Amino acid sequence: MLPAPSQDKTGPQLDFAAIFAAMRRNKRIMFLSVLIAVGIGAVHVQTSPRSYLAATEVMIIEEFAGSAQNFNRPATLAQNEITLDSARKVLESQKLALAVVDALDLHARPEVLSSESSLARQGIETMRGLILGLLPAEQGAPTQIDPDTAEQLARMSAADTLRQGIEVRREGRSSVFSIRYTSNNPQFAAEVVNAYGQAFLADQLIGNVEASSSVLDWLHDRLMVIQENSAQAALKAEEFRARSGLLTVAGESIRVQTISQLNSDLAAATVELAQIRALKTVYAELSELDPIEFVRSGAAGVRVPAAEFAAGQQRLLDLQQSLDDVERRQGPGHSAAIRLRAQIEREGSTLQREIASLYETTRNAARVKEAEVEMLRASIEDFSNENLQLATARVELQSLERQAGILDALNETYLMRMKDLEQTQTFPVANVRVLSVSDVPEKPVAPRKTIIMGFMLLMGTMVGGGLSVLRDGREKVIRTSDALYDASGRPFLGYLPMLTLNEVKALPEPQEAKARPVLPRYNRLRKSGTCQQPDPFRYPFPALKHPRSHYTETLRNIRNACETSALGKSGYVLGIVSLRPGEGKTTLAKNLAALTAVSGSSVLLVDGDVRTSGMSQRLGQSEGVGLRDVLQGTAAMHNAIRKETSTGLHFMSSGFSPDDAHAGDSLYSSRFRDMLDEARSRYALTIVDLAPLGPVSDARALLPAIDGLVMVVEWGRMPIGLLQKTLSMDPVLYKKILGITLSKTNMTSLRDYTRLDETGNYYDVYASKHA
C-alpha cells in the first residue's frame with residue numbers, strides 16, 4: 001500500500017474552518033447545547049435577585065491627614081501617586097468601615113447586610129450544608145461571651161461584611177475617588193455610600209488636627225535641638241579658626257596678606273637690582289678706557305646721577321667748545337689750542353677717576369640689593385610652605401562653616417513651619433471634598449439580562465462546538481476524498497449521490513416483461529441441449545434518465561479511468577467490487593455499463609456475484625440461460641448473452657440459484673477465464689459485478705483474470721481501519737484497483753465535511769437540479 005502524501009506541518013494549528021464544518025455537521029448537538037445554555041440563562045435571570053448600585057464621589061485636595069510630615073518637599077508625580085494610593089487604603093480600611101457601622105447602627109440589624117441568593121447559589125449552599133452535615137462535628141463546651149465582647153464582635157463582623165461590598169475606584173488620573181456599594185435594598189445602598197463620604201470627611205478633619213498637633217510637638221523638640229547644634233557649630237568654627245592661625249583682616253587671611261606684601265617687595269627689589277647692575281656695567285666700561293679714548297668716546301655725554309661728576313662733565317664740555325673755537329680761528333697748532341688740549345686731558349682723567357669711584361659704589365650697592373632679593377625669596381618660600389600645611393585646616397574650617405549655615409537655614413525653616421501648624425490647629429480645614437451625594441437608585445444593575453443571555457448563548461455555542469469536534473474525532477469513517485486517499489492511497493474517482501428507492505430498484509417495463517420466454521420453455525430447451533439466444537429486454541437506467549446529474553458525471557470519470565488503463569489492449573475486463581454487501585456496487589456496475597454502451601462502445605455486463613445474483617434480479621433477468629450454463633459447458637457464451645434494447649448493452653445473468661452451495665466454487669474453473677478471454681476479443685469493455693470482499697473470497701479468485709478493479713465504498717459507513725487492513729493484506733488486490741468511489745453520498749451533508757474551495761461549487765453550475 002502506497003503511503004499518503006506527506007504534508008508540511010509546522011506545529012499544531014487551530015483550523016476554524018474544520019471546527020465550523022463540524023458544527024454544521026452536528027446541527028442537533030449545536031441546537032441542543034444552545035437551547036440548554038439559553039434555558040439555564042433564562043432561569044438564572046428570572047430567579048436571581050435584583051441588585052442596585054449607589055455611588056458617591058470624594059476629591060483629595062493636596063495632602064491628606066497623616067502626610068504633614070512631608071513638609072518642605074516639592075510635590076512630585078511619584079509622591080502624588082503615593083498620597084492617592086494611601087487615600088485609597090484609608091477608604092478601604094476597617095476603621096472607616098467601623099465608623100459607618102456605628103453611624104448606621106448596622107451591627108444591631110445584621111439582616112440589612114445579608115444579600116439574597118440566586119437559585120444556583122442556594123443549590124450550592126444546600127449541597128455544601130449537606131456535605132458538612134455528613135462530616136463529624138467537633139465536640140466542645142460552649143463558651144460564655146460577655147455583652148461588651150459580643151457587641152464588639154458584632155461590630156467587627158458587620159465592618160468586615162461591609163468592606164467586602166464596598167468598591168473604591170479612582171476616576172482616571174485625577175484625585176477623585178468613586179465609592180460604590182451594591183445591595184438588594186436601593187435605599188440602604190444610598191445610605192451606605194453617603195455615610196462613607198461623611199465618615200471619610202470627618203476622619204480627615206480629625207486626622208489633620210491630630211497630625212498637626214503631633215507634628216507641632218515634634219517640631220518644637222526638634223527646633224530646640226537644632227538651635228543648640230547651630231550655636232555649637234558656630235563656636236567650633238571660630239575656635240578652630242583661632243587655633244589654626246586662620247584669622248583674617250578685612251576678609252583676608254593674615255598669612256595671605258603677608259605673602260602678598262613680600263611678593264610686592266621682591267618685585268621692587270628685583271627692579272632696583274637690575275638698574276644697579278646696568279649702571280655698574282656702564283661704569284666698568286668707562287673706567288677701563290684710556291683718558292684720551294675716554295674723552296673721545298663721549299664721556300661728556302654719559303649720564304651719571306652724581307653732582308660732582310655732572311659739574312666735571314660741564315667743564316669738559318666747555319673746554320671742548322673753546323678748543324673748537326681756537327682751532328677754527330687760530331688753527332690746531334696754536335699755543336692756546338695746545339693748552340686747551342692739555343687741560344681737557346687733565347679734566348678727562350679727573351672724570352675717569354670719578355667713574356672708577358662710582359663703579360665701586362655701584363658694585364657694593366648691587367651686592368646689597370642681591371642679598372635683599374635672596375632674603376625676600378626665602379621668606380616667601382617659607383610662608384608658602386606654611387600656607388600649604390594650613391590647607392587641611394582651611395578645608396575643615398569650611399566644613400564647619402557649612403554645617404553651621406545648614407543648621408541656621410534649617411532653624412529658619414522649622415520656625416516657619418511651626419507658625420503654619422499653629423494656624424492649622426487654630427483653624428482646622430479638611431483636605432477632602434464630597435463632590436456628590438447619592439440618590440436612591442431606581443434601576444437595578446444586576447442581573448444583566450443581555451450580557452447573561454449573550455454569554456450563555458456563547459457558552460452553548462462553544463460547548464456544542466466542542467462536543468461536535470469531539471464526536472467527529474471519535475468517528476473513524478470515510479466521508480471525504482482526502483480521508484479516502486489518506487486511508488487507501490488509491491485515486492479517488494468521485495462521489496455517487498444516494499439514489500431514490502425507485503431508481504435503485506427500477507423494474508423493466510410491463511410490456512417487455514410479457515415478451516420474455518417463460519420458464520417451462522427454457523427448461524425444455526436446456527434439457528434438449530438446444531439453447532437459443534435469449535430474448536432482448538428493456539431497462540430504465542437512472543444514469544441515462546439524468547445525464548447531467550452528479551451520479552452520471554462520476555460514472556464518466558470512472559469510464560475515463562478505465563479507458564486510460566486500457567490503452568494498448570484489445571479488450572478490457574473491469575471488476576466492480578466492494579468490501580461489504582449493500583454498498584452500491586451493483587447499481588454502479590449496471591449504470592456504468594449502460595452509460596458506456598450508449599456512447600457507442602461494445603459492452604458486456606456480467607453478473608459475477610453468483611452467491612446472490614443481485615444484478616440479474618434487479619434487471620429482471622434471473623431466469624434463462626446464464627453464467628452457470630456457460631461455466632458448466634451446457635451453453636455457449638453467445639447463447640447466454642441478452643441485449644438491452646435501449647442502450648445496446650449485452651448482459652449475462654448469473655443463472656445460479658441463491659441456495660446453490662457450490663456456486664462460489666465454479667468461479668475457480670478455467671472456463672470462467674476462457675469466457676473472459678473470449679469477451680476481450682468480442683467487446684471493448686467487459687464489466688463484472690463481483691461479490692463483496694469481506695464475506696466471501698469469490699472476487700479474489702478472479703483477480704488474475706481481471707484487468708482492473710473499481711472499488712465502491714459507502715459514504716459515512718466504511719471504517720478507516722477496515723479499509724486499510726483489507727488493502728494492506730492483499731498486494732495483488734491493491735495493484736488491481738484503478739480507483740475508489742464513495743457511493744450513497746448525501747450531497748447535502750457532504751458540504752458540511754468539505755470546504756467550498758475543494759469543490760469550487762462547480763457541480764451547481766454544470767449539474768442539473770435533479771442531481
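At what angle do the axes of helix 4 and helix 6 cross?

## Helix 4 and helix 6

The axes of helix 4 (residues 94–104) and helix 6 (residues 147–165) cross at roughly 110° and come within 9 Å. Axes are lines fitted to C-alpha atoms over the stretch in contact, with angles from 0 to 180 degrees between N-to-C directions. Helix 4 is therefore roughly perpendicular to helix 6 (65 to 115 degrees).

Q94, A97, L98, V100, V101 and D102 of helix 4 meet R155, M156, A158, A159, D160, L162 and R163 of helix 6. A contact means heavy atoms within 4.5 Å. By class, eight of these residues are nonpolar, one is polar and four are charged.

## Model basis

This is a predicted model: local features need pLDDT of at least 70, side-chain atom pairs count only at pLDDT 80 or more, and totals for chains, interfaces and linings use all residues. Residues are numbered from 1 along each chain, and side-chain values use heavy atoms, without hydrogens and water.

## Helix 19 and helix 20

Helix 19 (residues 550–565) and helix 20 (residues 585–598) have axes that come within 10 Å and cross at roughly 75°. These two helices are therefore roughly perpendicular as well. Helix 19 contributes Y551, T552, L555, R556, I558 and R559 to the contact; helix 20 contributes T587, L588, N591, L592, L595 and T596. Six are nonpolar, four polar and two charged.

## Whole chain

The chain holds 29 helices and 14 strands (DSSP runs of H or I, at least four residues, and of E, at least two). Of its 771 residues, 38% are buried, meaning under 20% relative accessible area with a 1.4 Å probe.

How values were computed
Buried < 20%, exposed > 50% of the residue type's maximum accessible area, 1.4 Å probe, protein only. Parallel < 35°, antiparallel > 145°, perpendicular 65-115°, else oblique. Nonpolar A, V, L, I, M, F, W, Y, C, P; charged D, E, K, R; others polar.
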